[in-house]
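Here are my notes on the model, jotted down as numbered points. Have the structure open while you read.

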Amino acid sequence: MEKQKTFAAKLVSAPYVFWAALFIITPLFMVVYYAFTDSLGAFSLKNILAISDYAGTILLSVWLGLIATVICLVIAYPIAFIIATSSAPVQRTLVMLTMLPMWMNFLIRTYSWMSILEDTGFINMFLTKVLGIGPLHLINTRAAVVLGMVYNFLPYMILPLYSVMTKMDYSLVEAAQDLGGNKLIVFKSVVLPLSIPGIVSGITMVFVPSVSTFYISQKLGGTSATLIGDVIEMQFQTANNYHLGASLSFILMILIFISLAIMHKFSDDDGEVLI
Amino acid sequence: MNKVKTMGKLYTFLILLFLYAPIFILVLFSFNASHSTSVLSGFSLRWYKELMYDNATLEALKNTIVLAVSSSVLATLIGTGAAVGIFQYKLKWFKSSLLTVTNIPMMNPEIVTGISMMLLFVFVGVLVDKTGVLGFTTLLIAHVTFNLPYVILSVLPKLRQTDKHLSEAAQDLGCTPLQSFFKVVLPAIMPGIITGLIMSFTLSLDDFIISYFVSGPTSQTLPIRIFSMTKKRVTPDMYALSSLIFITVLVLLILVNISQVRGEKKKKAIKRI
């Protein structure tokens, strides 16, 4: 009976095991293979060593990604709290309103920001005609790229924060207040630690796509912000240098996994301190 | 206290304004009389009309829907089987390593997932000496791959919540294991399966980055079509298309919401009785 059950379990999951081996694991080996070979298929470190030429690009990507993530966290935390503490129908509506933009193609939404930020766009029209301040140069700046990242990925920060906050045990907050904690202390020692899982997944969901983006930087940053995603995209779509592209992707992948590992380590440590 | 509440409302309004400003702008310009996407020059429906005659866009829309339906159904079938299997596995290390592998497509940047699959397809193409391997099949494989984790991770929790003794009871009452699965386990995990299916469908519908690397010239999807059009100056017909998609999603969401509220009310009413 038990044996039969295990056999059945193996049988129903077999297609997935094959699928995962073929289309999740093998492609990763392909990246490594292309990263460490030249166009003739011989082992070569040329492309990995060429990474040093792109050190500035990689640093800029990480830097802009970090700024966008921090801004998202700061903006999203209060709004998640407001949503989580409002009445059920309001909560439902606000969550829906937060998710709705995610269903609209991000390319077109980013493109629409161009109409807003352009030198003759909405913001500048408002500034010059209503306030009489000369047009500001907004598009094709690094700030515009960060704005695009914050705009596109903000819902990914709000939703996980909201979901931990709705599960939060508010009697703990009351207990802390009863024990004489002022608002700041209650926030620091109860609310913040309890929302760490949401913060961690929010940071992950914003940082990873921000660091690796290429469309946002092309449209809103112009030549002022070429990111690692742009360089990778170029190797595959125009320059046809798959080997260099693969080695850059390899580095990007390692970078992401290291930062994820560090972050999860931090969150685990915090959890232990709590207990 | 009231002051705090007003501040909260103001803040919520500002965030929503930020999220919806570009959407509002694009809906506005979809009715623009001229070609411009930054200067308004009167109301017209011409871009909606032009959309009806834009064969490439309609073809891309068709491809997108066919791809979203087939990849989400395929991912749901394979993923549900995988979740049931993973749940039953006795080998701890195999179970945990399979779950780790499942997480890879969710953790990896999309651009890396995209190029890694492209490299695999190109490599196989070179091996079998065939050019132009990228097309609908490679798109389908890629979409199933990135949908699978979402199906598995929405079915697994439902399996954990299901009472083990129920299926044993069904078997004691004369069901074969297969019958007890279909009569007891499957209905219990159905909400998870449906969540996975809907998530896969919407992810597939909206995916650009991965599709961009694994699609060929003959298999454009709507996001790829939009991308190639935004390379040049966009005309408002793209905005018209996006507005239509937006309205469709909005209506669907409102319907889902209403049915949820009704369901909850019904439950409450039943409880009262």
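This is a predicted model: local features need pLDDT of at least 70, side-chain atom pairs count only at pLDDT 80 or more; totals for chains, interfaces and linings use all residues.

1. How many salt bridges does the structure hold over all chains? The total is two. Between chain B and chain A, though, the count is zero.

2. So what does the contact between the chains look like? On the chain B side 79 residues take part, and they meet 75 residues of chain A. Together the two chains bury about 7,200 Å², with carbon and sulfur atoms accounting for 76% of that. Helix α1 (residues 2–30) of chain B supplies the largest share of the side of chain B that touches chain A, namely 15 residues. Sorted by class, that side of chain B has 55 nonpolar, 18 polar and six charged residues.

3. Polar contacts do turn up between chain B and chain A: 12 residue pairs, counting those with both residues at pLDDT 80 or more.

4. One helix pair in chain A is worth a look. Helix α9 (residues 183–194) of chain A packs against helix α10 (residues 196–211) of chain A at an angle of about 50°, and their axes are 5 Å apart. Because of that angle, α9(A) counts as oblique to α10(A). On the α9(A) side the contact is made by L192(A), P193(A) and L194(A), and on the α10(A) side by I196(A), P197(A) and I199(A). By class, this contact has six nonpolar residues, with no polar and no charged ones.

Note on methods
Residues are numbered from 1 along each chain as its sequence is written. Chains are lettered from A and ligands numbered from 1 in the order in which they are written. Side-chain values use heavy atoms; hydrogens and water are left out. Contact means heavy atoms within 4.5 Å. Buried area is the accessible area (1.4 Å probe) that two parts lose on being put together, summed over both. A salt bridge is a side-chain nitrogen of Lys or Arg within 4 Å of a carboxyl oxygen of Asp or Glu. A polar contact is a pair of N or O atoms within 3.5 Å; within protein, one must be able to donate a hydrogen and the other to accept it, and residues adjacent in sequence count only if both atoms are side-chain atoms. Helices (H or I, at least four residues) and strands (E, at least two) are DSSP runs, numbered from the N terminus. Ala, Val, Leu, Ile, Met, Phe, Trp, Tyr, Cys and Pro count as nonpolar, Asp, Glu, Lys and Arg as charged, and the others, Gly among them, as polar. Axes are lines fitted to C-alpha atoms, for helices over the stretch in contact, and angles run from 0 to 180 degrees between N-to-C directions. Angles under 35 degrees count as roughly parallel, over 145 as roughly antiparallel, 65 to 115 as roughly perpendicular and the rest as oblique.
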